[in-house]
Amino acid sequence: MAAILRDLLRHNLEFRIGAVLVGAVLLLSVLASFSPYPPQDVYVVPPDLPPSTTYWFGTTSRGQDVFWQLSFALRNTLLFGCTVALISRLLALAIGLLAGYSGGWIDRALMSVNDTFIVIPLLPLLVLFYFVMRDRMSWLMLALIMACLGWAYDARLIRSVAMSLKSREFTETSLFSGMTTREILMQEHLPYVLPIVFSTTMNNMVWSIGLEVTLAVLGFTDINTPTIGGMIYWANQHTAMVAGVWWWIAFPTIAVIMTFIGLFLLAVSMNDYIDPRSRLRSVGGAS
Amino acid sequence: MSGYLGYAIRRLAQFALVVFIGVNLAYVITHATPIDPVEQSISVVTSYGNTAPAAIEEMRKSLRELYGLSGSRVEQYWVFWKRILRADFGPSLSAFPTPVSTLVVRALPWTVGLLSVSTLIAWGLGTLLGGLAGYDRTNRGLKLMGVVAMGLHPIPYYILALLLLIVFGFLWPVLPISGGSAMNLPQTLSVDFVTSVLQHAILPALSLILIGVGSWFLGMRALVSNVVTEDYVVYAELAGVERWRILSSYVMRNALVPQVTGLAISLGGIFNGAVITEKVFGYPGLGSLLVDAVYAGDYGLVLGVTTVSILGVSIAVLAIDLLYPLLDPRVKVR
């Protein structure tokens, strides 16, 4: 693992940029534990102050320090992305491996459902969900429902790998040595699929955080828990741009763009690394 | 031809499944949650003043009837499907007594127009430039495009729309930032009206295109750079076929097939983006309708827009799927 990271850092510019961006965002989110103010309190500092040495990113019209608010928001947003990614990875792995390994009608049935989830526009459904739940909507519930809707694309990817693994010799060997389907999938096939799972994790986080920001900006989530989208929502509610409190919108926007580009670059470089052709090219070998 | 017929039947079955699962999801979300939309609507209505308890009871009864929430679960499910098949979602509460279907039909052309034009531009431009970039790896300008595409592609629609709004609304106000056309023009097919519609569409379309172009560019570049190393391309080059012909009919044509599949797959996501873009720019399409319906607590309208968008996206995907064999003749053989 350490050797892989070293290789990536040395030969892959995208990975380096991505690592720096994600690292910076992570650092800021970890700082939330040292915040002098609780995240939900308002009017703890003088409102509407521009960035200065005391308040690095300025203060909001609600009397909150943008820096600390942002660090809470990043922590919650990243946590949300990780939760969705983790749960949907489990679903994608289970369905992808099973479909690819079993083939036949199980494969066909699972993939029909899978394609359906790829095609259906999710935002209206999520908005409908918020409409019905209203104030009982918590971020955990949103994470759960998004995980249940967001596994399909990666399940298809995992299935295609599992199909090629099925025709490999070691699968037959383990079958003849009496392993059950579950054992073959868990012990033999899973290790081959894991690198792809890692790279799809980043993409899935980009997707889920993007949707969360969108919903939160419209006020369709639990707006009292600070998230990046929630911050922009409150800034819009106080018409921050018109009032000239630009720092209230600018810093969350910069942070979220950093997160997205960072995660995306990590995913891209991971994909390059998994593909042996591009890995050869990147270390200067013949392609 | 029988090969195509089998293919078309399979695609139709998939289409039916998408609609079936989508509508069921909408049903489960609205019926399996502990919150009663009827009570919500009543609280919206009664929040404006005092209403007699007997009147509220009457209202509750008629709303239950209206939302299809009376009777047993099986009956409710049956009524739900019947209404969707008849496209009857009852009157809208926020624009009473206009039927939901009228509102949806009024908003639909805006969304379809904006979405189809911007998607086609983004897809065409991204595919063309990506193909060139994959074929000619030394071109500086195309390399720079790649970097820009990588930076733009992961940004969510909302953030980019917001940035455009700030740039063209506050810093350099040259374009209209809100609405679908100028308020004072009658909606007839006059030159003024059409120019106004086009002008108003520039910013929303730009935000959709800027994000869309990146992913098509990156996808096509990767595909083409794989095709370029194939033996038949090398052979064509050695045989002295013109470079332009190699690019257009040897390389692009083969790489185009997965791009079309990609278009069908990502249509749902593009629609999500359009919903949010419309809201940001106050474009009078389905997205604005949906968001405003939620703010107004209009259950029928939210459900109507959700169902219509699921239907619309799956019809578009079906259309792409049915045209697909024109591009990839191998489908007929399979």
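In chain A, residues 24 or more positions apart make up 69% of the contacts with a separation of 6 or more. Two residues count as in contact when their C-beta atoms, placed from the backbone, lie within 7 Å. For chain B, the share from residues 24 or more positions apart is 71% of the contacts with a separation of 6 or more.

Before going on, a word on what you're looking at. This is a predicted model, so to speak of a local feature takes a pLDDT of at least 70 and side-chain atom pairs count only at pLDDT 80 or more, while totals for chains, interfaces and linings use all residues. Residues are numbered from 1 along each chain as its sequence is written, and chains are lettered from A and ligands numbered from 1 in the order in which they are written.

### The two chains

Chain A has 13 helices and 0 strands, and chain B has 13 helices and 0 strands. Helices (H or I, at least four residues) and strands (E, at least two) are DSSP runs, numbered from the N terminus.

A residue is buried if 20 or more other C-beta atoms lie within 10 Å of its own, exposed if 12 or fewer, and partly exposed in between, with C-beta atoms placed from the backbone. The boxes hold the C-alpha atoms and are taken along the principal axes.

| Chain | Length | Buried | Box |
|---|---|---|---|
| Chain A | 287 residues | 46% of residues | roughly 70 × 50 × 30 Å |
| Chain B | 334 residues | 38% of residues | roughly 90 × 55 × 40 Å |

How confident is the predictor about chain A? Its mean pLDDT (the predictor's confidence in each residue, from 0 to 100) is 84, and 95% of the residues of chain A reach 70 or more. Among the elements of chain A, helix H3 (residues 66-102) has the highest mean at 91, while helix H13 (residues 276-282) has the lowest at 62. Where pLDDT is low, the predicted coordinates should not be read in detail.

### Where the chains meet

On the chain B side, 41 residues are in contact with 33 residues of chain A. The chain B elements giving two or more residues to that side are helix H1 (2-31), helix H7 (157-171), helix H10 (243-280), helix H11 (286-296) and helix H12 (299-327). By class, the side of chain B that touches chain A has 29 nonpolar, 11 polar and 1 charged residues. Here Ala, Val, Leu, Ile, Met, Phe, Trp, Tyr, Cys and Pro count as nonpolar, Asp, Glu, Lys and Arg as charged, and the others, Gly among them, as polar.

### Helices crossing helices

Let's look at some helix pairs. Axes are lines fitted to C-alpha atoms, for helices over the stretch in contact, and angles run from 0 to 180 degrees between N-to-C directions. Angles under 35 degrees count as roughly parallel, over 145 as roughly antiparallel, 65 to 115 as roughly perpendicular and the rest as oblique. A crossing is left-handed if the near helix is turned anticlockwise from the far one by less than a right angle, and right-handed if clockwise.

In chain A, helix H2 (residues 13-30) and helix H12 (residues 246-274) cross at roughly 140 degrees, with axes that come within 8 Å. That angle makes H2(A) oblique to H12(A), and their crossing is left-handed. Residues meeting here include A:Phe15 and A:Leu21 of H2(A), along with A:Met258 and A:Leu266 of H12(A). The contact divides into 14 nonpolar, 4 polar and 1 charged residues.

In chain B, helix H6 (residues 140-152) packs against helix H8 (residues 191-227) at about 125 degrees, with their axes 8 Å apart. H6(B) is therefore oblique to H8(B), and the crossing is left-handed. Among the residues making this contact are B:Met145 and B:Ala149 of H6(B), and B:Phe217 and B:Arg221 of H8(B). By class, there are 9 nonpolar, 2 polar and 1 charged residues.

The axes of H7(B) and H10(B) come within 9 Å and cross at roughly 30 degrees, so H7(B) is roughly parallel to H10(B). This crossing is right-handed. B:Tyr157, B:Tyr158, B:Ala161, B:Leu162 and B:Leu165 of H7(B) meet B:Gly273, B:Ile276, B:Thr277 and B:Val280 of H10(B). That contact has 7 nonpolar, 2 polar and no charged residues.

### One residue up close

B:Val233 sits in helix H9 (residues 231-238) of chain B. Why does B:Val233 count as partly exposed? Because B:Val233 has 19 C-beta neighbours inside 10 Å. Leaving out residues up to four places away in sequence, B:Val233 touches B:Val227, B:Val228, B:Ile246, B:Tyr250 and B:Val251. The C-alpha atoms of B:Val233 and B:Ile246 are separated by 7.2 Å, with the two residues 13 apart along the chain.
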